[in-house]
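Reader: I have a structure to go through with you. Can we take it piece by piece?

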Amino acid sequence: MKHFENGESDLEEGKTGKDRDKALRNNRVFRLHNQALLSGLAYCISSCSMILVNKLVLSSYDFNAGISLMVYQNFISVSIVTILSFMGIISTEPLTWRLVKVWLPVNVIFVGMLITSIFSLKYINVAMVTVLKNVTNVITAVGEMYLFGKHHDNRVWAALFLMIISAITGGLTDLSFHAVGYTWQIINCFLTASYSLTLRRVMDTAKQLTKSGNLNEFSMVLLNNTLSLPLGIFLVFVFNEIDYLSRTPLLRLPMFWLVITFSGVLGLGISFTSMWFLHQTGATTYSLVGSLNKIPLSIAGIFLFKVPTSVENSASIFFGLLAGVFFARAKIRERSS
């Protein structure tokens, strides 16, 4: 009887052990899903908020010193990253003169990319900026073909063609069309594509000049934003923003300082959340969510800033956003094949 009872007890313990393992596995899967969902939401919220807050500063507050705004935002990012690195929360590579010399050409393009983005956002509504940014993908694809000999399949080219059509029809039907804003946005597309293509060439060389042999996202944020400060301050004087800053009453408003500081935190938040989301999911989900994220951003931009629109323009914007999703899916299939 004692032997039988022991056997029964072992069976019960075995079942309990299996149930415990199953519960642990379920908890782990649930935790991973939660992490992926949280990181995805954080990435979407930070990336959408950054553009909307910048639009608020430039249009609603009518702030006419875009370069100064860029310098202040980058200063906030540098300060936060430096503090977190000093506390040991994140790791960054030390900035050496050799690394700076290699990275300087990339940084000049980076500064141009940020400034033209701010200049265009002042004049163009958020939805049209989102659609016009698709042109960057076209320029990048052509650049990859000529510089790196990379060939894209027909689905990718079809998606790129749809992006061009949507950008043209969107511009033609834009009720708030502004030639200056569109000019800055076209320049921004070329600079963004140039930044992406130049970064690929410089990255391998830059990694060799670091202590760890790697250059993570935080090190890139620190490197880019630190180097952008002297160049940005120089451009503030060149564009004579000092005169505007000395006269504007906005700098005496505590709420205005709170908003532009928040925009700087959001800029860094995009880097943090994109890394977190990419780590929790993968490049496929990341690129798809990035494309889908433009849809609520465009809708929010139209309603929050009361943008005058027509059925034709709304259709062009929606068509452009769908082309972006189609492009992301085509790139995913291209990578997998």
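Reader: Start with T140. What does T140 touch, leaving out residues up to four places away in sequence?
Author: T140 touches A193, S196, L197 and R200. Contact means heavy atoms within 4.5 Å.

Reader: Before we go on, what kind of model is this, and what are the ground rules?
Author: This is a predicted model: local features need pLDDT of at least 70, side-chain atom pairs count only at pLDDT 80 or more, and totals for chains, interfaces and linings use all residues. Residues are numbered from 1 along each chain as its sequence is written, and side-chain values use heavy atoms, with hydrogens and water left out.

Reader: Back to T140. Buried or exposed?
Author: T140 is buried, at 12% relative accessibility. Buried means under 20% relative accessible area, exposed over 50%, partly exposed in between (1.4 Å probe, protein chains only).

Reader: Which helix holds T140?
Author: Helix 5. Helices are DSSP runs of H or I with at least four residues, strands are E runs of at least two, and both are numbered from the N terminus.

Reader: How do helix 5 and helix 7 cross?
Author: Their axes come within 8 Å and cross at roughly 40°. Helix 5 covers residues 135-147 and helix 7 covers residues 179-208. Axes are lines fitted to C-alpha atoms, for helices over the stretch in contact, and angles run from 0 to 180 degrees between N-to-C directions.

Reader: What do you call that angle?
Author: Helix 5 is oblique to helix 7. Under 35 degrees counts as roughly parallel, over 145 as roughly antiparallel, 65 to 115 as roughly perpendicular, and the rest as oblique.

Reader: Which residues meet there?
Author: On helix 5, V135, T136, I139, T140, G143, E144 and L147. On helix 7, they meet C189, F190, T192, A193, S196, L197, R200 and R201. By class, that contact has 7 nonpolar, 5 polar and 3 charged residues. Ala, Val, Leu, Ile, Met, Phe, Trp, Tyr, Cys and Pro count as nonpolar, Asp, Glu, Lys and Arg as charged, and the others, Gly among them, as polar.

Reader: Now helix 2 and helix 8. At what angle do they cross?
Author: Roughly 145°, with the axes of helix 2 (residues 66-86) and helix 8 (residues 217-238) coming within 8 Å. By class, their contact has 13 nonpolar, 8 polar and no charged residues.

Reader: Switching to rings. How many aromatic pairs are there in the whole structure?
Author: A search finds 9. Rings of Phe, Tyr and Trp (its six-membered ring) pair if their centres lie within 6.5 Å; planes under 30 degrees apart count as stacked, over 60 as edge-to-face and the rest as tilted. One of the pairs is F110 with Y195, which is tilted: 5.7 Å centre to centre, 40° between the planes.

Reader: Which residues do ring pairs link into a cluster?
Author: Y61, F63, Y244 and F256.

Reader: Last one, V307. Where is V307?
Author: V307 sits in the loop between helix 12 (294-304) and helix 13 (311-336). V307 is buried, with a relative accessible area of 14%. V307 and A127 are 180 residues apart in sequence and 9.3 Å apart in space, C-alpha to C-alpha.
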